[in-house]
Amino acid sequence: MAVQSMTNTPTRDIEATVEQISQLEQAGCEIIRVAVPDLESSQVLGRVKEKINIPLVADIHFSGKIAMESLKQGVDKLRINPGNFPQKELEGIIKLAQEKGVPIRVGVNAGSLEQEMLDKYGGATAEAMVESALKSVKTMEKYGFENLVIALKASDIHRTIKAYELLSEQVDYPLHLGITEAGTKFSGTIKSSIGMGYLLLQGIGDTMRISLSTDPVEEVRVAWEILKTLELREKGVQIISCPTCARASINVTELAPQVEEMLQDIKKPLKVAVMGCVVNGPGEAGEVDLGVVGAGKKAMIMRKGKDNRFIEKENILEELKKEAEDICRE
Ligand code: SF4
């Protein structure tokens with residue numbers, strides 16, 4: 001499962017686009033998609049690609065000319081809706097993509113489903129989305145093109161889940177997962193986690209993008225948290241922290257986010273517990289790589305469930321950082 005995101009800079013602004021992609025790469029983005037709304041944007045894709053280290057996907061809506069230029073610029077994947085192109089243009093795009101070995105992502109967004117499907121199914125139902133996607137797939141297959149990825153996007157999880165379940169029973173092509181226009185950082189994270197988590201636990205999906213109305217770096221962080229939580233992939237720090245109660249003798253609500261931020265650049269998988277007291281603390285902290293537990297007037301640092309030692313509370317962050325770096329060096 002690869003983590004994907006999308007830039008929100010004007011693509012023709014090479015500097016801003018490359019800067020955002022670098023930030024996304026740093027956060028763990030593995031495939032980056034850029035919207036290519038005009039010819040000028042397509043003409044800079046080669047220069048953008050030179051400066052980044054992850055595959056570049058060009059998202060094209062209506063122009064065959066822009067799709068062709070993007071392919072000539074060396075993009076790694078195209079995202080198109082075959083129904084939007086006249087036959088001759090589509091043939092040209094497919095031929096060039098084939099020559100260059102570039103995959104094409106086709107798919108459906110419930111918000112822009114063709115009228116024919118809306119009429120047939122009485123709206124943008126999961127079944128309508130699947131039939132529309134299969135229609136695009138058939139169009140591509142007709143030209144002998146099978147280097148495909150399929151996406152089915154809706155902004156509610158019931159429809160999205162049903163559509164992906166139906167489609168995965170009918171095709172073997174890689175599927176790109178997303179709850180489109182999921183919402184703000186808070187609500188969109190919850191919606192995406194439930195929807196994608198449900199699909200991922202069934203083994204459905206090959207790439208994923210979390211769509212949030214915020215900095216795309218957050219999308220990448222959320223995607224990784226979902227994958228780590230489902231134990232599908234490992235990367236960096238995973239925090240275990242208690243909700244605190246009257247027994248807490250360290251301020252977990254302040255400390256846990258500080259620990260998370262302090263250790264966010266660590267790439268090695270590392271579970272870190274921040275627990276308020278010795279009631280549940282040693283049990284939880286003892287099961288992970290590193291933990292801190294409130295212990296009366298002191299704090300207790302636990303490493304791999306042993307080597308417990310007591311430290312002054314004001315030194316918690318410093319001591320955890322040292323221990324985390326030491327574990328990563330091992
Ligand atoms: Fe309360 Fe201690 Fe449990 Fe935290 S670990 S919720 S402080 S009992």
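How many bridges join strand S6 and strand S7, and in which sense do the two pair? I looked this up before anything else. Strand S6 (residues 148-153) and strand S7 (residues 175-177) pair in the parallel sense, over two bridges. I noted the rule for pairing: DSSP has to find at least two bridges between two strands.

**Entry 1: ground rules**

I am working with a predicted model, in which local features need pLDDT of at least 70 and side-chain atom pairs count only at pLDDT 80 or more, while totals for chains, interfaces and linings use all residues. Residues are numbered from 1 along each chain as its sequence is written, and side-chain values use heavy atoms, with hydrogens and water left out.

**Entry 2: the whole protein**

I found 13 helices and 13 strands in the protein. Both are DSSP runs numbered from the N terminus: helices are H or I with at least four residues, strands are E with at least two. The C-alpha atoms fill a box of roughly 75 × 45 × 30 Å, taken along the principal axes.

I looked up burial next. Of the 330 residues in the protein, 51% are buried. Buried means under 20% relative accessible area, exposed means over 50%, and partly exposed is in between (1.4 Å probe, protein chains only).

I also checked contacts, meaning heavy atoms within 4.5 Å. Among contacts with a separation of 6 or more, 61% are between residues 24 or more positions apart.

**Entry 3: the barrel**

I went back to S6 and S7 to see where they belong. Eight strands close into a barrel in the order S1-S2-S3-S4-S5-S6-S7-S8, and the pairing is parallel. Neighbouring strands of this sheet are turned by 25° against each other on average, direction ignored. Helix H8 (residues 157-170) packs on the sheet and touches S6 and S7; its direction makes about 150° with that of S6. For such angles, axes are lines fitted to C-alpha atoms, for helices over the stretch in contact, and the angles run from 0 to 180 degrees between N-to-C directions. Opposite Ile150 I found Leu175 in S7.

I then picked Ala110, in the loop between strand S5 (104-109) and helix H6 (115-121). Is Ala110 buried or exposed? Ala110 is buried, with a relative accessible area of 11%. Leaving out residues up to four places away in sequence, Ala110 touches Ala124, Met129, Lys153, Ala154 and Arg159. Ser132 is 22 residues from Ala110 in sequence, and their C-alpha atoms are 9.9 Å apart in space.

**Entry 4: the cores**

A nonpolar core is a set of buried Ala, Val, Leu, Ile, Met, Phe, Trp, Tyr and Cys residues joined through side-chain atoms within 4.5 Å. The largest has 77 residues, of which Leu56, Ile60, Leu78, Ile104, Ile150, Leu152 and Met208 touch the most other members. Its largest share, eight residues, comes from helix H7 (residues 126-142). Apart from this core lies another, of 29 residues, among them Leu255, Ile266, Leu290 and Ala324.

**Entry 5: the open sheet**

Five strands form an open sheet in the order S9-S10-S11-S12-S13, with mixed pairing. Strand S9 (237-241) and strand S13 (306-311) are its edge strands, and each pairs on one side only. Neighbouring strands here are turned by 20° against each other on average, direction ignored. S9 and strand S10 (residues 270-275) pair in the parallel sense over five bridges. In S10, Val272 is the bridge partner of Ile239, and Ala273 is the bridge partner of Ile240.

Helix H11 (residues 252-262) packs on the sheet, touching S9, S10 and strand S11 (290-295), and its direction makes about 165° with that of S10. Why is S10 largely enclosed by the rest of the structure? Five of the six residues of S10 are buried, so the strand is largely enclosed.

Which residues surround the ligand? I listed Cys242, Pro243, Thr244, Cys245, Arg247, Ala248, Met275, Gly276, Cys277 and Asn280. A residue is counted as near a molecule if one of its heavy atoms lies within 4 Å of it. This shell divides into six nonpolar, three polar and one charged.

Thr244 is in the loop between S9 and H11. Its phi is near 70°, a positive value in a residue other than glycine. Thr244 counts as partly exposed, at 30% relative accessibility.

I noted Glu231 as well, in the loop between helix H10 (216-229) and S9. Phi of Glu231 is near 55°, again a positive value in a residue other than glycine. Glu231 is exposed, with a relative accessible area of 65%.

Technical notes
Ala, Val, Leu, Ile, Met, Phe, Trp, Tyr, Cys and Pro count as nonpolar, Asp, Glu, Lys and Arg as charged, and the others, Gly among them, as polar.
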